Amino acid sequence: MFDRTMRWQVLLFVSVFSLDCVAGQATYSIPEEMSKGSLVGNIAQDLGLDVKRLQSGKARIYTEDKAEYIELNTDRGLLLVKERIDREALCGQTTPCALHLQITLEDPIEFYSVNVEINDINDNVPTFKKEEMKFRISESAVIGAKFVLERAMDLDVGVNGLQSYSLKPTDNFILKLHNQQDGSKKVEMVLQKHLDREAQDHIALTLTASDGGEPRLSGTMRVDISVLDVNDNAPVFTQETYKVTVMETAPRGTILSTVTALDADEGSNGKVVYSVTNTLDDVPNLFQIAEESGVVSLIGNLDYEKTPRYEIHVQASDDGGLTDSCKIIVEVTDTNDNKPSINIMSKTKSITENCKPGTVVTIINVQDADSGNNGKVECSIEENVPFLIKSTSKKFYSLVTDSELDRERASEYNITVTCSDEGVPSLSSSVTLTLQISDVNDNAPVFERSSYEAYIVENNTPGISIFTVKATDADWNQNARVSYTLEDSSVNGVPVSSYVSVSADSGVIHAVRSFDYEQIKDFHFRIKAQDGGSPPLSSNVTVKILIQDQNDNPPQVLYPVQTGGSVVAEMVPRSADVGYLVTKVVAVDVDSGQNAWLSYKLQKATDRALFEVGLQNGEIRTIRQVTDKDAVKQRLTVIVEDNGQPSRSATVIVNVAVADSFPEVLSEFTDFPHDKEYNDNLTFYLVLALAVVSFLFITCLVVIISVKIYRWRQSRILYHSSLPVIPYYPPRYSDTLGTGTLPHVYNYEVCRTTDSRKSDNKFGGAGGQNVLIMDPSSTGTMQRIQSEKNILDEPDSPLEQKPPNNDWRFTQGQRPGPSGPHMPYGTHIRWTSKNGTRATGGPEVAMGTGPWPQPPTEAEQLQALMAAANEVSEATATLGPGTMGLSTRYSPQFTLQHVPDYRQNVYIPGSTATLTSNPQQQQATAQQATQQALPPPQASSQAEPPKAAQTPASKKKSTKKEKK
């Protein structure tokens, strides 16, 4: 392909017509040999369509010859080149050359015609079929003699086609062109100067064929002329033009015509040879001519639809090289040899049953390659279908609905479209279209009955199935899916949904409750059946439920009234005659029908020969004369039975007194035996209660024994334990004022164990001044203590402390031992009474001086344990208020002789109490405590210590001491 600028224009025109489909036409002009993907035109814009419409309508291109040179880009609405287009291969010499396309859309169905004209470009060089042409010309050839040269072939058309010829050199010959009816040019070489074989026996010429394109392209052929001796007569055809008519179905070998050319010369100069000179078409492939006889015959198959007319160029030449030419025009006659071709351009697989008449279902295109009547086509469909076929335009037909559709009558149609031409004989083609009719929810559910009645026996089981309603829907699939619901209503003021329920899928009606015929005998409600369409359709039906009676109620005795605490008797005088009406048993049965028919019978009686009961009326009458021998007290048991299956009964006891006066009756009925009905389950309940009580008793006994054993084992473990009894005094507890103690001391009898729940404290009486102060920094004397008394007596003195509360509550940080916080060495804490008086220590004070930096050893702990045990055994007094002085550490020089006498004083870690066995100190402290009451406890960050609980061991020891 040569580079050059090509311009092309787009011509667009649109025409619109009806019959439920819109059609338009667009024409484009493009050059050939465009690359793949090149733009042809914006079809969406030119046709006024939206790109979304192309996508939703599933736009596609249909071509008659099935060649796919153009494609549609539905995303952008553009026509693009799909394959390279060669105009010469597509149309040959036919002009104009165009592609005829149809664009179809669906929902709704539309189609458009598009013509794409292919413009020629100068891409073909003029060529000669022969590279060299030889002539033998007699030297006696006259001036003006003509010699036909081979025409060049240029596949391009128009200005790009063959435009001119040139012959060089031009010494003896000139070139002359003659225009033909088919637009081609006849090329002749004309002698303009006599030949002289003696001067030049061979002449070489060059024939050049050029086109009119830009740039100009050309082709050449050599012309070789041999100058012969004299042959001065050329062959001459008897006719310049021959015309032949032949059927397109003519077989090969058919003789079309015979041409004749005459040559006046004699001998070899008069012998004529015929040949076909066509080079640009298919004539050499379809026709041939006998070289000697000039008979033209058919060697190929003719096709009217492809080429209806042929021109055969025949040349006659003698041995001297003189020629003449003529042409044979062959007219091909059409025959009906092509069936109509049916092409479905767009079709709908399904259509809704509620579509309007005239809706387009399918568009078909019918092609018949024949001409005239042979190419005229009529299409039809069978009758008895609600469709009609219409011709919308030339070669296009639309299949439309002719009437309303009903899927319930026909859900599918097989429509056969038959297209026939008018040829003789007529040819036809048919195609069958299958069309599904989609359902529309146009049918409401229909119940099998207009109303329903159902029966159910009373005392039914809740949830039992009563009845089934059934509704059908003529629609299909979801539109025919029926669901059942209970319409809102009430029965005696109660919602009907509390009586019955209906299964939404099966329509089975279930009883929600157990019915009682005596309360309700029948009720009715409505059930709605609704399909699953959109919008849904529904219908309803009335259902009546009749409840059948069941013998579920025993007779009830209204008279005589049965009382549990008193005796009611009927009096019969001894003078009563036979048939005397004693009383009447009145009973009712709330059932109905035969279940309520009652009969009365005498079950037991004191004297059965004296009374009888009416079977139907329940009257009790005498059946003989009452005598003096008859007992005053008569007891009758009457049974009342109904007529149900099985029957139910009730009994009533009638007391009858045979006497003439009331006092006689009263004396007889004073000790009348009352009927007692014992509960059958009484014995069971008594046994159960006894078993429960026994179980609880045994359980409590086991728990008590387990607790006792647990405590005993704990005490044994403590007894064998190596843990110290005397606690280790941490540095927190020390005297803040050096030596000396308060006058009011607390003496405790202490039995301490590792388990605080088993510790036992006993308060003692007021003791003397035996207070052990264990303070390494305490070097003061009694006089120093007395000198500090005045400071403590002042109410605002910062050293004054309020006595502790009797309640013993210490935080974790205040408890003695390693777990509590430690104060610095040499710091002491003492509780002081409100009056500020202090007590001085006796001789035992000096025994406790000195530091004790390390915890006591096991020997020291054992000695202390023995002392504490002795103290506990001898203590009998109670504790009084006082203070406590505790040393932080004992001196390293501490030995067994330095162990304080714990029989005199025992200190409890974490408390303000001092235990002592000195009777004088206990008595003084008790007297002072009696005279002066302790002030209320002051709020402090420290918790107040609680009272110690007594253990069983301490209680026993206290008892022994009290006895002493």
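The second largest pocket has a volume of about 1,300 Å³. A pocket here is an open set of points on a 1 Å grid over the protein atoms alone, where a 1.4 Å probe fits, with protein on both sides within 12 Å along at least five of seven lines. Grid points join across faces, edges and corners, and the volume is the space filled by probe spheres set on them.

Ground rules. This is a predicted model, where local features need pLDDT of at least 70, side-chain atom pairs need 80 or more, and totals for chains, interfaces and linings use all residues. Residues are numbered from 1 along each chain as its sequence is written, and side-chain values use heavy atoms, without hydrogens or water.

Now the lining. It has 35 residues, each with an atom within 4 Å of a point. Nearest the centre lie Q93, T94, D182, L280 and D281. By class, 10 are nonpolar, 14 polar and 11 charged; Asp, Glu, Lys and Arg count as charged, Ala, Val, Leu, Ile, Met, Phe, Trp, Tyr, Cys and Pro as nonpolar, and the others, Gly among them, as polar. β23 gives the largest share, 4 residues. Helices (H or I, at least four residues) and strands (E, at least two) are DSSP runs, numbered from the N terminus.

Next, strand β51, residues 633-642. Buried or exposed? 7 of its 10 residues are buried, so β51 is largely enclosed by the rest of the structure. Buried means under 20% relative accessible area, with a 1.4 Å probe and protein chains only.

Pairing takes at least two DSSP bridges. I639 is the bridge partner of K601, and T651 is the bridge partner of I639. β51 and β52 form a hairpin, with 6 residues between them.

Technical notes: Buried means under 20% relative accessible area, exposed over 50%, partly exposed in between (1.4 Å probe, protein chains only).
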